[in-house]
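Here is a short tour of one protein model, written for reading alongside the structure. Have the viewer open and follow along.

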Amino acid sequence: MLELQDVSEEAAALVVLQSLYAVAPLHKLLASLHQEQLLQAAVLADKWQLSDVSTAAVQMLQASTLSRKLLQHFVQLPAVPTLLLPLLDPVVSACMRDKGPGKGMAGDAKRLLLSVLGDLEGVMGDAALREALFTLPLHAMELLLSSDDLKARAVGNHYHRHQFEVHTAFSGYILEHSC
């Protein structure tokens, strides 16, 4: 049984299902969606283990200028699947530049970074998350590191070894981005 979280996912789900039956070329099906629907299609395709569809949707998003509406949808995801990690840098950067109504989206960018990369021990233990962390632009890294909610385990020798690994990695990152 196919269950959707919201009626707004219907168009994305329909395109993902049509891709299964090759109703039209995948690129053409995905091109019929708005950015928010592309994001939904990528998440649904990932959930249903349709990697060709999810990869194509993410690539289309990477190739486009991200709309404010997409940014709002992205930062409201309950969890960011690994397939969306390549979008983390452009989404955070766009949120930081946003000067829209209200205070802009810098706070959303910080919450997003913390939700994905806020547990340093978990990040250092996962190759995809580690890659996402170390490919962030300097302003995003500073935003993440400035948070009081950043987590690192503080237990015995394990912490000291982990702390050394994190400091070494961040030192390399800062040297690489300061030149």
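Helix 1 and helix 3 are oblique to each other. This is a predicted model, so please read every value below as computed from it. Two packed helices are described by the angle between their axes and the distance between the axes. Here, the axes of helix 1 (residues 10-20) and helix 3 (residues 35-47) cross at roughly 55° and come within 8 Å.

Which residues make the contact? On the helix 1 side they are Ala 11, Ala 12, Ala 13 and Val 16, while helix 3 brings Gln 37, Gln 40, Ala 41, Leu 44 and Ala 45. Sorted by class, seven residues in this contact are nonpolar, two are polar and none is charged.

## The wider fold

Now for the whole chain. The protein has eleven helices and zero strands, so from the N terminus on, every element in the order is α, as the run α-α-α-α-α-α-α-α-α-α-α shows. Of the 179 residues, 39% are buried. Taking contacts between residues at least 6 apart in sequence, 68% join residues at least 24 apart.

| Residue | Relative accessible area | Class |
|---|---|---|
| Ser 19 | 19% | buried |
| Trp 48 | 26% | partly exposed |
| Arg 111 | 52% | exposed |

Ser 19 sits in helix 1. Its value of 19% counts as buried because the cut-off is under 20%. Setting aside neighbours within four places in sequence, Ser 19 touches Leu 26, Leu 29 and Val 53.

Trp 48 belongs to the loop between helix 3 and helix 4 (51-62). From Trp 48 to Val 16, the C-alpha to C-alpha distance is 9.3 Å, although 32 residues separate the two in sequence.

Arg 111 takes part in a salt bridge with Asp 108, with 2.2 Å from N to O. The count for the model comes to one salt bridge.

How values were computed:
Residues are numbered from 1 along each chain as its sequence is written. This is a predicted model: local features need pLDDT of at least 70, side-chain atom pairs count only at pLDDT 80 or more; totals for chains, interfaces and linings use all residues. Side-chain values use heavy atoms; hydrogens and water are left out. A salt bridge is a side-chain nitrogen of Lys or Arg within 4 Å of a carboxyl oxygen of Asp or Glu. Buried means under 20% relative accessible area, exposed over 50%, partly exposed in between (1.4 Å probe, protein chains only). Axes are lines fitted to C-alpha atoms, for helices over the stretch in contact, and angles run from 0 to 180 degrees between N-to-C directions. Helices (H or I, at least four residues) and strands (E, at least two) are DSSP runs, numbered from the N terminus. Angles under 35 degrees count as roughly parallel, over 145 as roughly antiparallel, 65 to 115 as roughly perpendicular and the rest as oblique. Contact means heavy atoms within 4.5 Å. Ala, Val, Leu, Ile, Met, Phe, Trp, Tyr, Cys and Pro count as nonpolar, Asp, Glu, Lys and Arg as charged, and the others, Gly among them, as polar.
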